Amino acid sequence: MDFKKILVIFLGVFIVIDIFLAVQVVFFNETARDLTTPDTVLTELHNDNISFTPPSTKHQTGVYISGDFNTKYLKNEVKSIPDKAKFDDAEGTMTVKVSNPEVLGENLTQAQKQISKLLKSTKKVIAGKQYVYDANMTKVANTMPHSGHILIYSQVLAGNREIMGVEGRIQFKLTSTYEVDEYTQSYIVNAQVLRDAAEVISEQNALIGLYQYNELPNNGKVLWTKLAYTQLTTVEKDTIFVPTWVVAVENSANTVSVLRVNAFDGSLMK
């Protein structure tokens with residue numbers, strides 16, 4: 001990546017950050033509450049009958065990452081796998097129909113263990129070793145209406161932290177008898193760290209931010225939180241990823257929503 005391209009990416013990222021910060025300041029000026037301490041906010045959550053596990057106050061670190069999100073790499077490597085694939089260039093995905101499916105077990109846990117072994121073989125799945133099982137997103141996917149079962153694996157980037165989004169993901173579709181019917185894969189190539197690691201907000205601050213943004217429903221439940229990478233923006237042909245607190249919330253109707261908080265500035269990401 002040449003110096004001019006890096007400079008353009010930096011400028012694009014910082015412009016987006018400035019916009020996020022400006023929006024955040026305006027929002028809090030308009031909707032500020034008398035919530036002066038973290039303990040006060042957490043008490044308010046309890047008063048609204050929002051259940052959650054006590055969040056961590058630890059501050060971790062993260063980086064901005066750029067990468068190419070398209071089907072070029074997958075197209076170049078598709079000859080290495082035995083099954084036929086079709087590509088969706090607009091979505092940046094490759095879908096593979098498994099020609100000779102095998103029963104992987106009697107339940108989803110057994111199937112997951114078999115697929116994790118499968119990913120270690122590049123003869124079966126392209127760059128499979130770069131993906132890890134995503135139990136959280138798998139649970140979310142299996143709450144949605146569909147036939148069979150879903151298993152989701154996420155690509156790992158810098159600092160052994162995975163992507164939680166449609167980018168850098170393999171989604172396996174299983175039959176009701178735990179055979180792999182097909183899988184859809186996306187892949188981030190040429191990942192580059194854009195600057196040195198910096199401190200991110202804590203899990204507690206992310207949860208408080210969501211409450212102040214009115215994103216946590218009364219009588220709801222915070223199912224899980226995870227610090228991962230998600231897409232922030234695109235600059236020219238590069239996709240920029242930012243450390244993100246990803247939070248799954250269930251409302252009183254048992255509908256699950258996945259929320260995102262920018263872990264650098266605390267802004268809500270849509």
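The side chains of E215 and K270 form a salt bridge, with N to O at 3.3 Å. E215 sits in the loop between helix 6 (203-212) and strand 11, K270 in the segment after strand 14 (268-269), so the pair links distant parts of the chain, 55 residues apart. Helices (H or I, at least four residues) and strands (E, at least two) are DSSP runs, numbered from the N terminus. A salt bridge here is a side-chain nitrogen of Lys or Arg within 4 Å of a carboxyl oxygen of Asp or Glu. By that rule, the count is four salt bridges.

This is a predicted model: local features need pLDDT of at least 70, side-chain atom pairs count only at pLDDT 80 or more, and totals for chains, interfaces and linings use all residues. Residues are numbered from 1 along each chain as its sequence is written, and side-chain values use heavy atoms, with hydrogens and water left out.

Now the exposure of that pair. E215 is partly exposed, at 23% relative accessible area. K270 is exposed, at 77%. Buried means under 20% relative accessible area, exposed over 50%, and partly exposed in between (1.4 Å probe, protein chains only).

Next, K97 and D181. Their side chains meet in a salt bridge at 2.7 Å, N to O. K97 belongs to strand 4 (residues 93-97) and D181 to strand 8 (residues 180-185), so the pair ties together parts 84 residues apart in sequence. K97 is partly exposed, at 45% relative accessibility. D181 is partly exposed too, at 21%.

E162 and K226 form another salt bridge, at 3.5 Å, N to O. E162 lies in the loop between strand 6 (149-155) and strand 7 (169-174), while K226 lies in strand 11 (residues 221-235), so the pair ties together parts 64 residues apart in sequence. E162 is buried, at 10% relative accessible area. K226 is partly exposed, at 27% relative accessibility.

Now the pocket. The largest pocket has a volume of about 370 Å³. A pocket is an open set of points on a 1 Å grid over the protein atoms alone, with protein on both sides within 12 Å along at least five of seven lines; lining residues have an atom within 4 Å of a point. The volume is the space filled by probe spheres set on the points. The largest pocket is lined by 16 residues, with D83, V98, N100, L118 and K124 nearest its centre. Helix 4 (108-118) and strand 8 are the elements that give two or more residues to this lining. Helix 4 gives the most, with three residues.

Notes
On a 1 Å grid over the protein atoms alone, a cavity is a set of points where a 1.4 Å probe fits but cannot get out, and a pocket is an open set with protein on both sides within 12 Å along at least five of seven lines; lining residues have an atom within 4 Å of a point.
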